[in-house]
Amino acid sequence: MENTISQIENYLNGTLKEADRKAFEEQLKTDKELAKEVALYKDMMGGIRLHNNQALKGKLNAIHEKVIENQPSEKKKEINWKLLFGIVLILSLIIAAYFMLQKEEVPVKKVYAAYFQPYELDDSRGNNQQLFEQMQQLYEDKRYGEFLTFVAQDSFDIKLPLVELDLLKGVAHLETGDARNARIFFAEAAKNPILNPSAQWYAALSFLRDGNIKACKANLDKLLSNDSSDYDDEARKLLLELEEGR
Amino acid sequence: MNKHRDKELLEWIREGDLQQRDKALAVLYQENYPLIQHLVLQNKGSKDEAKDVFQDGIIVVYNQVLNGSFEERSSLGTYLYAICRRLWLRKLTRTRGTDDIIDNADYVETSENALDYLVGTEREQCIQEVFQQLGTECDKLLRYFYYEKFSMKKIVEQMQITNVQVAKNKKMKCLKRLRKLVLESTHYLNLLKP
């Protein structure tokens, strides 16, 4: 039925390709049911037009009452509408800017700080104890800039399961203010089923940090729709907080 | 009404959202009604008749602008006057048996076909009655798409629907529902009988 309606619409709008239009017209000559549907569709369009005319008449009556019947209001035409509009616009922009600044600074940073905890690194991973301990120290001391430099060196040759390192790098980028790069690493980490919930949680926090509430909520929804994880309670709490606009 | 103003009004009607269209209607009304009232009162009519004729005239012009058949060979005001004049002339001929009109305003020739926007076949009128059973959301969605010619994107904004695909799906559902209601209408089915 939907295909038939779409085809009829396209035919009557003149948007069918030439060959399709000809085929449709040929079919119309012999297919009585199709011809009935086309006639019915035309009647429906006519009915919609008449119905909207009626709705439009209602609007025009309201305008008539306001504009014609209430003649004293004509005096208001003497007001300089352009000037008034300009003043209202400037005031609105100032007020909007004030609230935007308020909104940007307080809730997002506060909420992010309330929910962010660095990903906890398990002890003694990989094949090089010394390198691991150095990396771990930098990470746990929250010297994230140095951490990123350290793990980027060629001499950093440690066989951690690679995706866990991506998660740590993501957290470090996030905490050094580079949410965009952080999300690249979280996306890599998310490919590992074990790390997926953590990666999704941190990705949501990265959007929160950017002030992108919509994307943060979308990631939280996705996290909660997957198999249960350690982040579910926090995710639900954060989602509720964002939806209530706190 | 000057050209710049006309351009603005046409843009509001063709491209604007509901609020802008309503604003255009209000401007057209305020700026043109007095002349039409004068025409009708000067030619055996009453204020109520003037209001009816004028509102029908606006409906015709609004439909033509939305459908792309308003040719901009004259100003909106001039054309609206011409349509209203034709409407009043038709009424005078039918109800008072006269086709003499006294007026001094400029007007352009219009076609009798332009007034077809106001009338419908009996079957179309029957479908108009069925709308009451459709529900507000479907009512608006179908009118906004098929009559107001809003894009799906604009409909999403006007009706706060989730996204374009959801709006498209709703539109199809509403159309199918309207179809079902029409085919259940005894009045409509009787009209189909040869």
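Predicted model: local features only at pLDDT ≥ 70, side-chain atom pairs only at ≥ 80, totals over all residues.
Local features need pLDDT of at least 70 and side-chain atom pairs count only at pLDDT 80 or more, while totals for chains, interfaces and linings use all residues. Residues are numbered from 1 along each chain as its sequence is written, chains are lettered from A, and side-chain values use heavy atoms, with hydrogens and water left out.

**Exercise 1.** State how many helices and strands chain A has, and what percentage of its residues is buried.

Solution. 
- Step 1: Helices (H or I, at least four residues) and strands (E, at least two) are DSSP runs, numbered from the N terminus.
- Step 2: Chain A has 11 helices and 0 strands.
- Step 3: Buried means under 20% relative accessible area, exposed over 50%, and partly exposed in between (1.4 Å probe, protein chains only).
- Step 4: Of the 246 residues in chain A, 37% are buried.

**Exercise 2.** Describe the salt bridge between A:Glu18 and A:Arg21.

Solution. 
- Step 1: A salt bridge needs a side-chain nitrogen of Lys or Arg within 4 Å of a carboxyl oxygen of Asp or Glu.
- Step 2: The closest N and O atoms of A:Glu18 and A:Arg21 are 2.6 Å apart.
- Step 3: Both residues lie in helix α2 (residues 18-30) of chain A; because they are 3 residues apart there, about one helical turn separates them.
- Step 4: A:Glu18 is partly exposed at 44% relative accessibility, and A:Arg21 is partly exposed at 25%.
- Step 5: A network of salt bridges links A:Glu18 and A:Arg21 with A:Lys22 and A:Glu25.

**Exercise 3.** Describe how chain B meets chain A, from the totals down to one salt bridge.

Solution. 
- Step 1: With contact taken as heavy atoms within 4.5 Å, 41 residues of chain B are in contact with 33 residues of chain A.
- Step 2: Buried area is the accessible area (1.4 Å probe) that two parts lose on being put together, summed over both. Here it is about 3500 Å², of which carbon and sulfur atoms give 64%.
- Step 3: The rule finds 6 salt bridges across this interface.
- Step 4: In one salt bridge, the side chains of A:Lys59 and B:Asp22 meet at 2.7 Å, N to O.
- Step 5: A:Lys59 is partly exposed, with a relative accessible area of 28%, and B:Asp22 is partly exposed at 29%.
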